[in-house]
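Here are my notes on the model you sent over.

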Amino acid sequence: MSTAINMYLSQTSLSDGISFSISLPKTPASMNADFMILEEFYQKLEKGYDDIAAGSVPNAAKAFLNSKKIIEINT
């Protein structure tokens, strides 16, 4: 693995940047607020609030804490 990382870092240095394109995945239109009518947007917000109130979403603070622990273990 260290050989692959060294090759990547060398290539990045030689090309003055990342040598491949980086892009975000396309968001489905059903989740893109730019394509929603106002009523649909508010319905999705309300569903999100209802999910939070029902406790059916992960706790963000716990998720970040778990991520931090994983990063500390692997470094």
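1. First, the naming. Helices (H or I, at least four residues) and strands (E, at least two) are DSSP runs, numbered from the N terminus. Bear in mind that this is a predicted model, where local features need pLDDT of at least 70 and side-chain atom pairs count only at pLDDT 80 or more, while totals for chains, interfaces and linings use all residues. Residues are numbered from 1 along each chain as its sequence is written, and side-chain values use heavy atoms, with hydrogens and water left out.

2. On that basis, the protein has 3 helices and 0 strands. Going along the sequence, the pattern reads α-α-α.

3. How does the overall size sit against the globule rule? The protein has a radius of gyration of 20 Å, whereas a compact globule of 75 residues would come in near 11 Å. That radius is taken over C-alpha atoms, and the globule rule is 2.2 Å times the number of residues to the power 0.38. The C-alpha trace spans about 50 × 35 × 15 Å along its principal axes.

4. The protein exposes about 7100 Å², and carbon and sulfur atoms supply 62% of that. Those areas come from the Shrake-Rupley method with a 1.4 Å probe; for residues, only the protein chains shown count as cover.

5. Helix α1 covers residues 2-14, so to speak a run of 13 residues, and reaches 18 Å from its first C-alpha to its last, close to the 18 Å expected at 1.5 Å a residue. The expected span is 1.5 Å times one less than the number of residues. T12 sits in α1 and is buried, at 19% relative accessible area. Leaving aside residues up to four places away in sequence, T12 touches G17 and I18 (contact means heavy atoms within 4.5 Å).

6. Y8 is also in helix α1, and it is partly exposed, with a relative accessible area of 36%. Together with M1, I5, L9, I18, F20 and I22, Y8 makes a nonpolar surface patch of about 770 Å². For patches, residues need over 30% relative accessible area and no salt bridge; like charges are joined within 9 Å, nonpolar side chains (Val, Leu, Ile, Met, Phe, Trp, Tyr) within 5 Å.

7. Please look at D16, which follows α1 and has a positive phi. The value is about 55 degrees, although D16 is not a glycine. D16 lies in the loop between α1 and α2 and counts as exposed, at 73% relative accessibility.

8. Helix α2 (residues 38-54) has 17 residues and reaches 24 Å from first C-alpha to last, close to the 24 Å expected at 1.5 Å a residue. After α2 comes G55, again with a positive phi, near 75 degrees.

9. Which side chains form the salt bridge? D51 and K47 do, at 3.0 Å, N to O; the structure holds 1 salt bridge. The criterion is a side-chain nitrogen of Lys or Arg within 4 Å of a carboxyl oxygen of Asp or Glu. Side chains of opposite charge can pair when their charged atoms come close. Both D51 and K47 lie in helix α2, 4 residues apart, about one turn of the helix. D51 counts as partly exposed, at 22% relative accessibility.

How values were computed: Buried < 20%, exposed > 50% of the residue type's maximum accessible area, 1.4 Å probe, protein only.
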